[in-house]
Amino acid sequence: MSSEPGLGLPFLPGCAFRDPMKKSFHRSQTLGYKNGFAFSRLPTVGIGGERLYVNQLSQAELDELSNMRPTLTYGQAKQAPPSGFVPAHVAFDKKILKFDAYFQEDVPLSAEEHYRIRQVGIYYYLEDDSMSVIEPVVQNSGLLQGKLVRRHRVPKNDRGDHYHWKDLNRGMNITMYGRTYRIVDCDPFTQVFLESQGIELNPPEKMIFDPYTELRRMPVRKYVTPSDFDQLKQFLTYDKQVLRFYATWDDTDSMFGENRPYIIHYYLADDTVEVREVYKQNDGRDPFPILIKRQRLPKTFVDKKKTFPSCVLEISDQEVLEWYTAKDFAVGKSTTLLGRTFFIYDCDEFTRNFYRDKFGITDFQPVEIKKKPLEEVPQVIPPYNGFGILEDSLQNCFSLLPKPPRKDIIKMLENHHKVLRYQVALESPNPEDRKRRFILSYFLSNDTISIYEPPVRNSGIIGGKYLGKTRVAKPGSTTENATYYEPSDLTIGSTIEVFGHRFVITDADEYVLNYMESNAESFPAATLQSLRDHFRPRQVVKEAGNS
């Protein structure tokens, strides 16, 4: 409940009255909810419903808030750049000022030149005010050329200043890292750019060339007496006219030599000879098409007893007495070219017409070349050295990459896990070895034998595997016709020899008898009868015990 003093009345008891229009005296709510989220707000009216102007925003603040985006979600509003602003890396992208320059380099250790002129190109990149110096690469110059100064801002002095495009002009010297370059000219784009920026360019200068390089480019004077033979007339008359001969080179006298076919081309335009190889499909040779490249071939030298090593030197006209010409080639004759004797057995139709018109030769009967039959070399298999299985070692004699011998897969599947076990005794002159007993296992899947000795306590002999799984050959069998032990050879009381050791079969499993009786047609009767005689006393004892 509030009261205000009347106008002109002192603030004393009795001088105040209550406004009958005020009916709400509660405090305004400062907590609100919007979209399910609580937020605080400033009260707009006080107690009694009087409007508060303290927490109200001005009109300028209300206009600013109306134009601002929510900073909580999108962040502060970004100021838009000026409408006409373009960054330097965009305005000057790929815009380069190029200046042609050179520098002089001293050559102290040469009698032919005292200095060297090296031409370079100075590039100024407007986007980042960097520079680079590049020298064009010259073939076989012997110099490290290319990029002499990498792209970067080149220092101008010791105070930390860098070169600017305003410092570059034609007809001036510029020093970079102790080397002075003379700028003589620039390209049209550089000239237009500098003139547009108000820079007055100096007149261009003439590029200076290296005197030693110019001296090397001058042709060497040669004094040759002109010949009476008109080579130009020969070229114009016989251009693109080639004589073709079919020949063979018999090299069978040398090791691994053979008789190979070749094609000899004689070019009438310049009297040169070319020998090309003839390849057949799947002949196993590398595709080198040319045996002798196109060149003039000497027929007779001036001095045949010359000892100077001229095999790698060019042959001049002064060393050759006579060159090969078209009249030196004929069908049915042999021709020696660079130490190789070629027998010409035929030629093409154009060659026949040329010889008929030029030399009057009409005999072009082709010669039949008979190929020598190849001698069949018998394959000799070396003797077995005792390492590994015989069939496995024999594969090394048939191919460079030996393959494992083929196995009888059906037999392995049918006789998988079928093993015939026998008890054998070692036949030895030593009394200690006579008491030793072994278990011989015959694997029906691959006809291999393994021998195992059961360990016996206090016998002084270490038991275990005596022989791994392997095929055992019978005594007296050869590597050409090897015979191996089979189940029919394993009878009670028989002796088998395993790699020089003799064993006597003394006992067998009942599975051996059952298997042989079920496959009686595959085993001889003597083997089956020996097993029956061996197991008959046991069967009698077993029947007596059951009864």
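Colleague: Start with Phe-354 and Tyr-355. Are they buried or exposed?
Modeller: Phe-354 and Tyr-355 are both buried. Keep in mind that this is a predicted model.

Colleague: How many aromatic pairs are there in total?
Modeller: The count comes to 20 aromatic pairs. Take Phe-103 and Tyr-181 as one of them: the ring centres are 5.4 Å apart and the planes stand at 75 degrees, so this pair is edge-to-face.

Colleague: Where do Phe-103 and Tyr-181 sit in the chain?
Modeller: Phe-103 belongs to strand β5, residues 96-106. Tyr-181 belongs to strand β10, residues 179-186.

Colleague: What is the relative accessibility of Phe-103?
Modeller: Phe-103 has 2% relative accessibility. The cut-off for buried is under 20%, so Phe-103 counts as buried. Tyr-181 is buried too, with a relative accessible area of 1%.

Colleague: Back to Phe-354 and Tyr-355. How far apart are the ring centres?
Modeller: For Phe-354 and Tyr-355 the centres are 5.9 Å apart. The planes are at 85 degrees, so the pair is edge-to-face.

Colleague: Which residues do ring pairs link into a cluster?
Modeller: The cluster holds Tyr-238, Phe-245, Tyr-266, Tyr-324, Phe-329, Phe-354, Tyr-355 and Phe-359.

Colleague: What about charges over rings?
Modeller: Look at Arg-296, which lies over the face of Trp-323, 4.3 Å from the ring centre. Then find Arg-471: its charged end sits over the ring of Tyr-484, at 4.0 Å from the centre.

Colleague: Let's change topic. What is the order of the strands in the open sheet of six?
Modeller: The order is β22-β21-β20-β19-β24-β23, and the pairing is antiparallel.

Colleague: Which strands stand at the edges?
Modeller: β22 (464-470) and β23 (495-498) do. Each has a single partner strand, so one side of each has no neighbour in the sheet.

Colleague: How are neighbouring strands of this sheet turned against each other?
Modeller: By 30 degrees on average, ignoring direction.

Colleague: Zoom in on β19. What joins β19 to β24?
Modeller: Six bridges join β19, residues 419-427, to β24, residues 501-508. The two run antiparallel. Across from Tyr-422 you find Ala-508 in β24.

Colleague: Which helix packs on the sheet?
Modeller: Helix α11, residues 510-518, packs there and touches β19 and β24. The direction of α11 makes about 125 degrees with that of β19.

Colleague: And how many bridges pair β19 with β20?
Modeller: Seven, in the antiparallel sense, with β20 covering residues 437-443.

Colleague: What about β21?
Modeller: Strand β21 spans residues 448-453 and includes Ser-450. The relative accessible area of Ser-450 is 14%, so Ser-450 is buried.

Colleague: What is Ser-450 in contact with, leaving aside its neighbours within four places in sequence?
Modeller: The list is Ile-439, Leu-440, Ser-441, Phe-443, Leu-467, Gly-468 and Lys-469.

Colleague: Now β12. How many of its nine residues are buried?
Modeller: Seven of the nine, so strand β12 (residues 259-267) is mostly covered.

Colleague: What pairs with β12?
Modeller: Strand β11, residues 242-250, pairs with β12 in the antiparallel sense over nine bridges. There, Thr-248 has Pro-261 in β12 as its bridge partner. Six bridges also join β12 to strand β13, residues 272-277, again running antiparallel. His-265 has Glu-274 in β13 as its bridge partner.

Colleague: How many residues lie between the strands in the hairpin of β12 and β13?
Modeller: Four. In that hairpin, Asp-271 takes a positive phi near 55 degrees.

Colleague: Last one, the whole protein. How many helices and strands?
Modeller: There are twelve helices and 24 strands. Of the 547 residues, 26% are buried.

Colleague: And what is the accessible surface?
Modeller: About 40,500 Å², with 54% belonging to carbon and sulfur atoms. As for contacts with a separation of 6 or more, 44% come from residues 24 or more positions apart.

Methods
Residues are numbered from 1 along each chain as its sequence is written. This is a predicted model: local features need pLDDT of at least 70, side-chain atom pairs count only at pLDDT 80 or more; totals for chains, interfaces and linings use all residues. Side-chain values use heavy atoms; hydrogens and water are left out. Two strands pair if DSSP finds at least two bridges between them. Axes are lines fitted to C-alpha atoms, for helices over the stretch in contact, and angles run from 0 to 180 degrees between N-to-C directions. Contact means heavy atoms within 4.5 Å. Buried means under 20% relative accessible area, exposed over 50%, partly exposed in between (1.4 Å probe, protein chains only). Accessible areas come from the Shrake-Rupley method with a 1.4 Å probe; for residues, only the protein chains shown count as cover. Rings of Phe, Tyr and Trp (its six-membered ring) pair if their centres lie within 6.5 Å; planes under 30 degrees apart count as stacked, over 60 as edge-to-face and the rest as tilted. A charge sits over a ring if NZ of Lys or CZ of Arg is within 6 Å of the ring centre and within 35 degrees of the ring normal.
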